[in-house]
Amino acid sequence: MENPKSKPAAATSTDAISSSYKKYEIRHRLPNPKIAALLVIDMQNYFSAMAEPIFPNILTTIRLCRAASIPVIFTRHAHASASDNPILNEWWNGDIILDGTHAAGLISDLDREDADEVIRKNTYSAFRNTRLEDCLKEKGVEEVIVTGVMTNICCETTAREAFVRGYRVFFSTDATATVDLELHEATLKNLAYGFAYLVDCKRLGEISGK
């Protein structure tokens, strides 16, 4: 994985978020709380520097979704060993997150409740070789709201796979982050074109009445 300690943390500013909507939004829609779930992707200690700038927006998004009775599902990227995904280990030169380490744990200040699902994954997509889809089906979910890190890797891959599996996808512009703004905005442009509706805290506030 891209080591956040070796790169500056980069989240979007308010101006950049507005700019992203103006440049990239093609379609406008709000999630339906009755059939939606919030996915909080990989907000782990390993990514804490990268996640810090968007942390208030993550908490706000979680709060807004809970107010609208939208279930919250967390993912956690971790490997049992270096051999459980050899290509990822090769790609990141051995810099992977090993399960059971501090780096693999969710950031402690997340607004996580005991009833919230936590899905462990060992690749970019939260669907691949996990019980995420079973969990969504159990909850009657037809729409997913994607937040977390990294915008252009695990968040984007999960959003794309959700779309091709038949879920309506909403992607947060202000509660996702990656290593630089150019990569962040490239994802927003791609997803808005073919895969996802763009949302932010202000728009999600419309469905919860906050």
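This is a short talk about one predicted protein model and two of its residues.

Okay, housekeeping. Residues are numbered from 1 along each chain as its sequence is written, and side-chain values use heavy atoms, with hydrogens and water left out. Since we're looking at a prediction, local features need pLDDT of at least 70 and side-chain atom pairs count only at pLDDT 80 or more, while totals for chains, interfaces and linings use all residues.

So, the overall picture. We've got eight helices and six strands; those are DSSP runs, numbered from the N terminus, with helices being H or I of at least four residues and strands E of at least two. Of the 210 residues, 53% are buried, meaning under 20% relative accessible area with a 1.4 Å probe, counting protein chains only.

Now, on to His28. You'll find His28 in the loop between helix H1 (14-24) and strand S1 (36-41). Leaving out residues up to four places away in sequence, His28 touches Tyr197 and Arg203, where a contact means heavy atoms within 4.5 Å. The side chains of His28 and Arg203 also make a polar contact of 3.4 Å. That term means a pair of N or O atoms within 3.5 Å; within protein, one must be able to donate a hydrogen and the other to accept it, and residues adjacent in sequence count only if both atoms are side-chain atoms.

Next up, Asn85, in the loop between strand S2 (72-77) and helix H4 (86-91). Is Asn85 buried or exposed? Asn85 counts as buried because its relative accessibility is 11%. Its side chain reaches the backbone oxygen of Asn122 at 2.9 Å.

Definitions and conventions
Buried < 20%, exposed > 50% of the residue type's maximum accessible area, 1.4 Å probe, protein only.
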